[in-house]
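Please read it alongside the sequence and coordinates.

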Amino acid sequence: MNNGTHLPASNEPGTLYRNPGGRRKRHAIDRLMNFVCCGSTALLALMVALVLYYVAAEGLASISWKFLVHLPRPVGVPGGGMGNGILGSIIMVLMGSALGISVGVPVGIYLAEYGNGNTGNSIRFLTEVMNGIPTIVSGVVVYWLVVVPMHTFSAYAGAIALAIIMLPLVSRATEVAVRQVPQSWREASIALGATPARTIWSVVTPGARTGIITGALLAVARIAGETAPLLFTSFGNDVQWPTHLGMATAGLPLQIFVYAMSPYSEWKSQAWAGAFVLVMGLLLLNVVVRAFAGRSAISMQG
Amino acid sequence: MTTAQDPSKTRRRRVLPGGLSTGQRFHLFEWTLVAFAFSIVLVTVLTLFILFKGAWPAIVRYGPAFVVHQYWDPVSEHFGALTYIFGTIVTSALALLFSVGVSICAALYLAEMAPRWLRAPFSFVVELLAAVPSVVYGLWGLLVMAPWLYRYIESPLNSLFPRFPLFGGTPRATSLFTAGVLLAIMISPFITAVSRDVILSASRTLKEGSIGLGATHWEAIWTLILPASSRGIFGAVVLGLGRAMGETMAVTMVVGNTPQIKASLFAPGYTLGSVLVNEFTEASIPIYLSALMELGLLLFAVSVLMNAAARILVGRMAR
Amino acid sequence: MSRQETSAPSSAARGSKIEVQNLSLWYGKTRALENISIAIPAHEITALIGPSGCGKSSFLRCVNRMNDLIENVRIEGKVCVNGEDIYAKSVDLIALRRQVGMVFQRPNPFPMSVFDNVAYGPRIHGRRNRVELQEIVQRSLDAAVLWDEVKDKLSSPAMSLSGGQQQRLCIARLLAVEPDVLLMDEPCSALDPVSTFKIEELMLGLKEKYSILLVTHNMFQASRVSNFTGFFLSGELVEFGKTEELFEKPRDKRTDDYVRGRFG
């Protein structure tokens with residue numbers, strides 16, 4: 001109780017708390033932190049703007065139709081392009097996506113429908129482990145698995161490396177989408193006598209369709225920009241178009257990398273052009289995803 | 001639908017909140033799904049197997065001293081990972097240093113302080129940061145940011161404080177410092193997004209209770225919301241660290257690729273990922289390749305550990 | 001009987017703690033409060049009753065400007081506490097909220113110890129002295145009729161208390177910052193009857209020092225504890241007056257229907 005030390009009697013409410021100076025300071029701190037946090041966000045926005053600006057400015061300066069359809073030419077010879085890289089990327093991304101999606105979606109479905117036991121949890125854990133594997137390590141692994149036995153670099157190897165990266169992304173997106181399908185739908189289907197297989201095929205998967213497609217497209221966007229997996233698998237090719245899938249194949253990110261690191265300003269310009277094409281492609285993909293899913297949904301976990 | 005009471009089948013019965021309750025034996029369809037699921041196991045096991053198999057000769061030959069030796073010389077067959085471990089640690093630490101404050105403040109702003117009409121656009125911007133491919137960051141970093149940093153930060157600091165070990169020596173545009181800054185930019189969207197989600201899920205009633213008592217918004221954040229989110233935010237930071245360590249291409253393009261350990265941040269360096277990029281296809285002798293594989297194994301282990309730790313800290317909430 | 005207070009602020013303003021004139025509130029395009037005018041007397045317990053969704057909680061939240069936390073809210077009209085318009089530009093929100101405290105429907109103790117919960121308010125407002133804080137905490141817990149139950153476990157987590165204790169803790173937390181007015185938004189709706197009883201007793205004891213505005217969906221509670229009652233319906237203040245008169249001889253038919261349970 002109040003033993004009358006240095007506290008005023010508290011019959012008058014609020015006597016302890018009249019301190020306008022203190023309050024001003026608290027408001028000032030509040031405003032300051034608001035400013036700091038706003039500034040931080042603005043700083044991040046500035047960074048993105050800077051990157052995209054330079055890609056656009058430098059890229060547009062160097063790009064031409066020739067760039068898109070020509071093979072690389074030696075330094076000093078005008079008119080070279082990254083046509084084979086663009087084509088190679090498209091091929092490998094398509095193949096990798098086909099593989100990654102066709103394996104990733106069933107895994108996701110499994111985890112969502114049957115994955116609550118120990119087995120499921122272990123597999124889910126491993127999926128997340130896979131997600132954390134650095135892409136270059138995946139490239140090294142596929143090198144040993146595919147390139148060495150085949151005695152050649154190939155688009156197959158590149159695609160497989162990309163598929164490995166895609167797998168956990170697609171799986172997670174699928175699992176999330178399938179888990180959001182209302183349980184009552186499954187129950188209704190089973191109650192009508194359908195087998196689980198039929199239920200999944202006809203009821204659950206269609207219901208999760210949007211989420212699955214969104215997740216798949218985002219994963220595609222992710223692997224389209226990957227370089228490290230291609231380094232030791234498709235290896236890159238400076239001289240020819242991909243005539244068959246079992247040869248060293250150029251990839252756009254890979255060519256950008258090589259050209260950027262070169263000492264030739266001509267090639268550096270082409271690197272910008274390549275980056276521009278790559279970013280444009282990704283933006284396009286993102287627009288498609290947005291239109292499809294109705295909101296920007298680039299996964300942070302990618 | 002029957003629910004089997006047979007004990008031999010009960011362990012297969014699943015009563016799932018979000019799935020199919022089947023007391024029945026699995027038929028072909030289910031087994032197919034399981035087979036697909038095991039592909040994950042297959043891939044992970046294969047990865048580990050190949051890494052170990054490739055690294056084994058080097059592991060046997062150099063032992064644990066591998067991680068503390070600095071010397072990396074294919075000619076004399078002396079291999080030590082210290083240089084690259086140093087480079088990876090320094091660049092990642094710098095990345096965290098530069099990124100954490102900004103990222104968490106940005107997360108706070110997006111989750112709590114921004115006016116509603118600003119949240120979506122700013123969030124989109126942060127997501128854009130994550131969508132830029134690594135090689136594009138590398139290109140921009142090399143051709144735009146590195147010269148700028150050299151001119152406006154490294155050289156001035158170097159001339160002002162030449163004796164200070166971190167700023168000393170001869171500064172280069174491609175350096176540990178540059179790599180650290182670039183990595184900071186690259187990992188911020190991840191730290192920001194995960195932190196933002198964690199903060200958003202902190203209870204609204206906490207905020208109401210404290211503001212109802214007369215706290216300012218910032219005071220409510222500082223005394224209640226941040227402490228409640230601290231575990232998740234820490235997890236976000238660990239996630240960022242893991243990504244920084246695993247990031248290869250952009251770092252390779254700006255770190256200078258010089259195998260050395262110097263005190264100066266402005267000196268070029270070399271990271272685990274970068275040496276793999278540059279030397280993997282050049283490895284002429286088996287033991288050389290094996291040493292590189294051991295580096296890959298190290299990189300794998302570190303990244304996976306960080307990722308796992310982050311998941312545990314952040315929990316299932318991380319999307 | 002003397003004439004009842006009507007819904008317009010009357011010359012009994014002298015005794016009013018809170019005076020509201022023509023208050024209207026919109027959530028986006030939806031109008032939640034229509035021209036509310038009411039005078040809440042000091043040192044009394046005033047109850048606001050009405051069916052759910054009728055706006056009484058929204059009204060309550062206007063008095064300490066908690067509605068400011070919600071986006072897309074528009075407010076017109078005047079709310080005066082102790083004669084000062086709280087929506088004036090110069091009003092310091094943190095001083096207002098200290099002065100006008102709120103107890104919420106679900107107890108929301110902070111994830112800290114009992115002591116830290118009660119000391120939270122004083123600390124925020126600048127009290128750091130350990131001895132002083134101890135006295136404040138004890139005094140507040142005592143006033144909330146919780147001291148005897150928790151005096152031996154001040155450092156245990158607030159979450160370990162029962163629901164009723166948690167709510168009294170939230171009240172103690174409020175009292176620690178020495179408010180004038182206590183706004184109570186259905187404080188007992190998440191509690192069992194015994195706890196409810198204890199809190200009602202507490203309210204009756206508190207009105208000596210504080211003015212209490214209580215929102216409740218429980219008419220019996222209103223008739224038990226309050227001296228004045230206002231009946232809200234669809235965002236309007238239908239009737240306001242002394243509790244016994246509102247319940248026994250309401251002037252408006254809608255009030256009559258409601259208190260007789262013809263709808264709700």
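The search for disulfides across all chains of this predicted model returns 0 over the whole structure. C:Cys80 takes part in no disulfide, and the cysteine sulfur nearest to its own, in C:Cys62, is 13 Å away. A disulfide needs two cysteine sulfur atoms within 2.5 Å.

**Cysteines**

- C:Cys80 is buried, at a relative accessible area of 11%.
- For C:Cys170, the closest cysteine sulfur is that of C:Cys188; the separation is 12 Å, so the two are too far apart for a bond.
- C:Cys170 is also buried, with 5% relative accessibility.

**Second largest pocket**

- The second largest pocket holds about 960 Å³ of space.
- It is lined by 34 residues, of which B:Lys207, B:Ile211, B:His217, C:Asp68 and C:Leu69 are the closest to the pocket centre.
- Several helices each supply at least two lining residues of this pocket: α1 (20-62) from chain A; α3 (82-113), α4 (116-131), α6 (176-201), α7 (204-212) and α8 (217-246) from chain B; and α2 (93-99) from chain C.
- Sorted by class, the lining of the second largest pocket consists of 15 nonpolar, 14 charged and 5 polar residues.

**Chain B overall**

- Chain B contains 11 helices and 2 strands.
- Read from the N terminus, the order of elements in chain B is α-α-β-β-α-α-α-α-α-α-α-α-α.
- Along the principal axes, the C-alpha atoms of chain B fill a box of roughly 75 × 60 × 30 Å.
- Chain B has 319 residues, and 60% of them are buried.
- Among contacts in chain B with a separation of 6 or more, 68% join residues 24 or more positions apart.

**B:Thr192**

- B:Thr192 is part of helix α6 of chain B, and its relative accessibility of 1% makes it buried.
- Leaving aside residues up to four places away in sequence, B:Thr192 touches A:Leu44 in chain A as well as B:Ser103, B:Ala106, B:Ala107, B:Leu110 and B:Val126.
- The C-alpha atom of B:Thr192 is 5.9 Å from that of B:Ile104, although the two residues are 88 positions apart along the chain.
- A polar atom of the B:Thr192 side chain lies 2.8 Å from the backbone oxygen of B:Ser188.

**B:Gly235**

- B:Gly235 sits in helix α8 of chain B and is buried, with a relative accessible area of 0%.
- Apart from residues up to four places away in sequence, B:Gly235 is in contact with B:Ala310, B:Leu313 and B:Val314.
- B:Gly235 and B:Arg151 are 84 residues apart along the chain, and their C-alpha atoms are separated by 35 Å.

**C:Glu200**

- C:Glu200 belongs to helix α7 (residues 193-206) of chain C and counts as buried, at 5% relative accessibility.
- The C:Glu200 side chain makes a polar contact of 2.7 Å with the side chain of C:Arg224.
- Beyond residues up to four places away in sequence, C:Glu200 touches C:Gln221, C:Arg224 and C:Val225.

**Positive phi values**

- Most residues other than glycine have a negative phi.
- B:Asn257, which is not a glycine, has a positive phi near 50 degrees.
- B:Asn257 is located in the chain B loop that runs between α9 (249-254) and α10 (272-279).
- C:Glu178 likewise has a positive phi, near 55 degrees, and is not a glycine.
- The loop holding C:Glu178 lies between α6 (163-175) and β7 (181-185) of chain C.
- C:Glu178 is buried, with a relative accessibility of 5%.

**Helix α11 of chain A**

- Helix α11 of chain A, residues 252-261, is mostly covered, with 8 of its 10 residues buried.
- The buried residues of α11(A) are A:Leu252, A:Pro253, A:Leu254, A:Gln255, A:Ile256, A:Phe257, A:Tyr259 and A:Ala260.

Notes:
Residues numbered from 1 in each chain as written. Chains lettered and ligands numbered in written order. Predicted model: local features only at pLDDT ≥ 70, side-chain atom pairs only at ≥ 80, totals over all residues. Heavy atoms only, no water. 1 Å grid on protein atoms, 1.4 Å probe; cavity = no way out; pocket = protein on both sides within 12 Å on 5 of 7 lines; lining within 4 Å. Points joined across faces, edges and corners; volume = space filled by probe spheres on them. Helix = DSSP H or I, 4+ residues; strand = E, 2+ residues; numbered from the N terminus. Nonpolar A, V, L, I, M, F, W, Y, C, P; charged D, E, K, R; others polar. Buried < 20%, exposed > 50% of the residue type's maximum accessible area, 1.4 Å probe, protein only. Contact = heavy atoms within 4.5 Å. Polar contact = N/O pair within 3.5 Å; in protein donor to acceptor, adjacent residues only side chain to side chain.
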